[in-house]
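Welcome to this short tour of a structure and the spaces inside it. Please have a look at the sequence and the model before reading on.

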Amino acid sequence: MTSLINTPVSVADDLDAFRDALRHWLPGAIPANWRDRIRKGGEPAYLDVQREWYKALADAGLATAHWPSAWGGADLSLDAQIIFYSELARAGAPMALLYTVSLYHMPATMFAYGTPEQRDRYLEGVRNGGVVWCQGFSEPGAGSDLASLKTRAERRGDTYVVNGQKIWSSSGQHAEFCLLLARTDPTAKRKQEGISYFICDLRSPGVTVRPIAQPTAESEFNEIFFDDVEIPAENLIGEEGQGWQIAQTTLTTERGLLIFECVERLAQAYRKDADDGRDTWLRDPVARHQFVTFYPRIRAIQALVAQLLAELREDPHGGNVTATYVKLYWGPLLQDYVQFTTRAQGLEGQRFTEPQRCAGHNSGDAFSDFLWSYGWTIAGGSNEVMRNLVSERFLGLPKG
Amino acid sequence: MDLGALQDSIRDMLTTECPRERVVRHAQHGNGIDRDLWSKAIALGWTMISIPEENGGLGLGTDALALLYEEAGRAAAPLPLLSCLLAVQSIVASASPAQRDSWLPRIAEGAIVAMDAPIGITSPGLSLSRTGGDIVLTGTVRDLLDGADAQLLLLTAADAEGRAYRIMLDVAADDLTIHRETLWDRGRSLSNITLDGLKLSADRAWLTTSEAEEALVDHAAIALAADSVGGQDALLDLTIEYLKTRQQFGRPIGSFQALKHRVADHRTRLEGARWLTRSAVAAVTAGLAHHATEASAAKAQAAADYIDLGRDAIQLHGGIGFTAEYPCHVFVKRAFLNEQLFGSRTFHLNRAAAPALCGAV
Ligand SMILES: Cc1cc2nc3c(=O)[nH]c(=O)nc-3n(C[C@H](O)[C@H](O)[C@H](O)COP(=O)(O)OP(=O)(O)OC[C@H]3O[C@@H](n4cnc5c(N)ncnc54)[C@H](O)[C@@H]3O)c2cc1C
């Protein structure tokens with residue numbers, strides 16, 4: 001019971017005490033040898049590590065501490081969040097990758113559009129039950145042009161019957177629930193208007209999930225097939241036809257808040273790479289010059305993220321514009337950086353490394369990190385789509 | 001010899017025997033050389049191309065080899081061509097007639113030879129001493145390309161007087177165990193080998209010269225440049241085809257100027273790399289004074305262009321580019337490895353610019 005006094009969350013108002021408490025708590029809480037376990041044990045070991053880690057975080061009230069208090073989080077201050085994420089990185093903690101949608105996309109969506117019943121049930125499921133969610137937006141024919149999606153949901157009495165296919169759903173093979181966009185009105189004038197947003201229980205009859213092999217020797221994303229899948233009408237989020245608008249909220253979170261932890265991990269990795277390279281590859285003047293040019297870019301993305309958080313505190317529904325800049329700054333920066341470290345490591349950087357899975361985007365396995373950086377330049381609105389958004393919506397340039 | 005016909009025949013064979021599905025499957029489930037494909041290449045005499053006529057080969061030069069490398073790069077073929085053909089060159093340039101007669105036929109029959117990087121890129125990893133009529137080798141050779149697939153190893157060694165040698169090791173006869181280091185590029189692998197007083201008959205060694213080793217650097221540089229050019233050609237074609245067929249927003253994505261301009265830039269850079277590589281091939285084939293500069297310039301530039309295209313190719317494909325079942329990643333992995341093999345980017349840039357920096361241009 002003594003530990004209760006100094007749980008990190010209980011002292012989060014005092015930054016020094018918070019940092020100390022985290023440093024005290026983390027070594028015992030991080031699943032021991034998790035990298036080795038995953039490298040040797042593959043997918044099952046990855047799942048074990050994720051569950052253990054999530055339980056440790058949840059027991060300490062830290063799993064959802066980054067949630068705004070409006071979502072039922074601990075409402076950590078910006079400075080406390082920075083400390084939290086950098087201490088996680090510093091201690092070599094895994095990322096709670098399996099729970100990404102559970103911790104970001106789902107609560108953001110629920111908070112803005114969920115009914116009180118939905119909110120209570122599903123937020124609680126994540127907070128204390130570690131329920132895994134995935135995002136079922138993209139389809140084979142609807143990626144950047146998401147609004148052209150074809151998966152159909154037909155109302156029949158108290159249920160919707162869903163038919164169609166989703167693709168690229170991260171963690172879909174482990175998820176209990178899916179945030180699902182489907183077309184309820186194929187006759188709507190604008191394609192955006194006929195879309196609705198559902199909570200789909202993936203254990204329902206008619207759902208088939210097939211993992212897709214990736215160049216990193218992982219299969220983190222999936223195809224999901226829907227064959228006459230019944231969704232109770234109470235699982236509609238918002239109104240029928242409001243799906244497109246709600247999806248923007250989900251995507252804003254993906255473009256902004258989700259990047260915060262990643263940015264702090266990059267900042268930590270930069271310091272570590274400087275230490276590791278000091279006596280080896282950083283001796284090369286060309287590599288050194290390239291390396292130092294990343295410093296201001298990393299500071300800039302940190303400052304941008306801080307600005308986004310400040311805006312979100314003012315208005316939990318806001319931050320759209322800044323989130324777009326965050327996404328478009330972050331993806332290319334990360335990709336440039338991990339491409340640079342890959343090349344700077346020479347032949348060493350070309351040796352295959354068994355996946356660590358949840359070591360973040362600056363795991364030290366540079367080439368794996370490079371491949372994973374496409375998660376940020378393609379997914380959730382590609383660089384090109386973000387550029388269209390900036391130039392056409394924000395800068396008022398004519399549509400091409 | 002009609003080189004155009006040679007190139008066509010190589011391309012035909014790889015199109016039939018090494019299609020994309022095969023390369024993609026190898027990238028997921030294979031490791032190192034594709035042995036069945038290698039048998040077919042041997043049956044067609046690909047290792048004979050540069051073996052002298054008096055040893056039963058075609059006796060062709062760098063220009064012919066460059067075509068072979070370009071086609072292998074286009075197919076992203078998991079073949080040990082570079083290792084074996086470098087070995088042929090070393091043997092022809094420096095070995096005694098008796099040594100040629102014992103090793104060239106084995107290579108012609110399909111024995112895979114792994115070569116360590118020429119002296120100049122690294123210094124010899126082995127030290128050589130003599131007892132009686134034998135030589136004794138000690139030391140470690142790092143990053144031996146294709147080592148785990150090889151039956152023969154052609155390594156560098158130095159003796160106490162600083163003389164440099166090439167030594168032929170026979171993996172089976174000399175009882176060597178070679179551990180494979182898996183790479184991201186599954187078509188190739190590296191090995192480290194440590195010898196602790198391995199005693200061999202003296203006829204396994206021959207003296208090598210810095211000119212001979214420099215010529216091997218040129219050869220490797222041209223091979224990797226040509227492989228990168230072929231790979232870029234294939235990957236760019238694949239990407240352009242995708243931009244033409246993939247529809248979003250009711251039109252082919254290739255109709256978006258933002259994407260069009262990028263492939264136009266990549267095509268432009270590829271044309272530069274292609275003609276620079278041909279110029280390097282011509283310089284080396286004719287023994288022109290600037291052969292080293294030109295070969296290293298081609299290697300550094302073509303490999304960097306290939307990486308830049310590769311990075312964009314995945315991006316321009318969207319999600320499908322990030323799957324193991326689609327070929328993009330095979331080329332991208334090959335591009336990154338090409339840049340590091342047989343001399344880093346920095347090494348080749350410095351070698352390329354050395355005359356300019358010395359005011360010798
Ligand atoms: C690692 C990863 C994880 C993912 N996880 C999920 C997930 O959990 N759930 C989910 O629903 N989806 C997920 N996705 C899918 C992702 O959101 C889509 O890949 C993305 O929207 C792009 O769609 P697409 O793959 O069909 O590519 P396309 O839309 O076909 O794009 C191909 C290329 O064309 C470009 N392009 C398209 N339109 C334009 C335009 N108007 N102007 C200029 N260029 C254009 C794109 O930028 C891209 O370069 C994931 C993707 C990846 C890579």
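The second largest cavity has a volume of about 100 Å³, and please keep in mind that the model you are viewing is predicted. Lining this second largest cavity are 13 residues, and those nearest its centre are B:Ala27, B:Asp185, B:Arg186, B:Gly187 and B:Val330. Which elements supply at least two residues each to this lining? They are helix 2 (20–29) and helix 10 of chain B. Helix 10 of chain B gives the largest share, four residues. By type, the lining of the second largest cavity holds six nonpolar, three polar and four charged residues.

How many cavities of 30 Å³ or more does the count give? The answer is two. The largest cavity has a volume of about 140 Å³. Of the 14 residues lining the largest cavity, B:Leu79, B:Leu82, B:Arg188, B:Asp227 and B:Arg334 are closest to its centre. Two or more residues of that lining come from each of helix 4 (62–75), helix 5 (81–94) and helix 7 (210–245) of chain B. Here the largest share belongs to helix 7 of chain B, with three residues. The lining of the largest cavity is made up of 10 nonpolar and four charged residues, with no polar ones.

From chain A, helix 8 (285–314) and helix 9 (320–344) each give two or more residues to the lining of the second largest pocket. From chain B, the elements doing so are strand 3 (134–145), helix 9 (291–317), helix 10 (328–340) and helix 11 (345–357). The lining of this pocket divides into 18 nonpolar, 14 polar and 11 charged residues.

Now let us turn to the ligand. Around the ligand are 29 residues, and A:Ser144, A:Trp168, A:Ser382, A:Glu384 and B:Arg246 come nearest. Why is the site shared between chains? Residues from both chain A and chain B surround the ligand, so the site is shared between them. Elements that each supply at least two residues of the shell include strand 3 (159–170) and helix 12 (383–394) of chain A, along with helix 9 of chain B. The shell around the ligand has 12 nonpolar, 15 polar and two charged residues.

| Residue | Atom of the residue | Atom of the ligand | Distance |
|---|---|---|---|
| A:Gln135 | polar backbone atom | nitrogen | 2.8 Å |
| A:Gly380 | backbone N or O atom | oxygen | 3.3 Å |
| A:Ser382 | polar side-chain atom | oxygen | 2.6 Å |

How much of the ligand does the protein bury? Taken alone, the ligand exposes 980 Å², and the protein buries 94% of that. A:Ser382, seen in the table with a polar side-chain atom 2.6 Å from an oxygen atom of the ligand, is also among the residues that come nearest the ligand.

Finally, a word on charged pairs. Over all chains, a search of the whole structure finds 56 salt bridges. One salt bridge joins B:Lys40 and B:Glu17, whose closest N and O atoms are 3.1 Å apart. B:Lys40 sits in helix 3 (residues 35–43) of chain B and B:Glu17 in helix 1 (residues 3–17) of chain B, so this pair ties together parts that are 23 residues apart in sequence.

Terms used:
Residues numbered from 1 in each chain as written. Chains lettered and ligands numbered in written order. Predicted model: local features only at pLDDT ≥ 70, side-chain atom pairs only at ≥ 80, totals over all residues. Heavy atoms only, no water. Nonpolar A, V, L, I, M, F, W, Y, C, P; charged D, E, K, R; others polar. Near = heavy atom within 4 Å. Polar contact = N/O pair within 3.5 Å; in protein donor to acceptor, adjacent residues only side chain to side chain. Areas by Shrake-Rupley, 256 points an atom, 1.4 Å probe, with all protein chains shown as cover. Salt bridge = Lys/Arg side-chain N within 4 Å of Asp/Glu carboxyl O. 1 Å grid on protein atoms, 1.4 Å probe; cavity = no way out; pocket = protein on both sides within 12 Å on 5 of 7 lines; lining within 4 Å. Points joined across faces, edges and corners; volume = space filled by probe spheres on them.
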